[in-house]
Amino acid sequence: MQNGYVWQEQLMLIDEKSMDTVCHCQIYLNRMANSFNRKVKPRQFTLGQLVLKKIFPHQEEAKGKLAPNWQGPYVVHRVLSGRALMLAEMDGRINMKPINSYTIKRYYI
């Protein structure tokens, strides 16, 4: 009977330690999320606004390390749900492919 009681007590200690670990991990994740969210600045784009589009390494325009990182300027033609944008070129041609707003930055003249 003594052995069974000691065994149960050890199991309870293991459960308590694992719960402490889970709680500590959750507190740490919450702190990290709060720290990140304080620094995030939401981007709001409006119709007619001038923007630049990021050039990714797999695109043809990316040629070497001294090549430009941004294309444009473009005009915001339409703002879609889910932070997607439809862009138009400066001459009025509309690009029908939606683009995520995280690949866009505002262009200041």
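Modeller: A residue is called buried when its relative accessible area is under 20%, exposed when over 50%, and partly exposed in between (1.4 Å probe, protein chains only). This is a predicted model, in which local features need pLDDT of at least 70 and side-chain atom pairs count only at pLDDT 80 or more, whereas totals for chains, interfaces and linings use all residues. Residues are numbered from 1 along each chain as its sequence is written, and side-chain values use heavy atoms, with hydrogens and water left out.

Strands (E, at least two residues) and helices (H or I, at least four) are DSSP runs, numbered from the N terminus.

In the chain as a whole, buried residues account for 18% of the 109 residues. In a regular strand, side chains alternate between the two faces of the sheet. In β3, Ala84, Met86 and Ala88 point one way, while Leu85 and Leu87 point the other way, and all of them are buried.

On to the partners of β3. Two strands pair if DSSP finds at least two bridges between them. Strand β2 (residues 70-80) pairs with β3 in the antiparallel sense, over five bridges. Within this pairing, Ala88 of β3 is the bridge partner of Val75. The hairpin of β2 and β3 has three residues between the strands, and Gly82 there takes a positive phi near 75 degrees.

Strand β4 (residues 99-100) also runs antiparallel to β3, and two bridges join them. Here Ile99 of β4 is the bridge partner of Leu85.

Trp70 lies in the residue range of β2, and the charged end of Lys54 sits over the Trp70 ring, 5.4 Å from its centre. Such a placement requires NZ of Lys or CZ of Arg within 6 Å of the ring centre and within 35 degrees of the ring normal.

Finally, a word on confidence, given by pLDDT for each residue from 0 to 100. The chain averages 82, and 83% of the residues score at least 70. Confidence is lowest in helix α1 (residues 2-39), with a mean of 75, and highest in strand β1 (residues 50-54), at 93. Where pLDDT is low, the predicted coordinates should not be read in detail.

How values were computed. pLDDT is the predictor's confidence in each residue, from 0 to 100.
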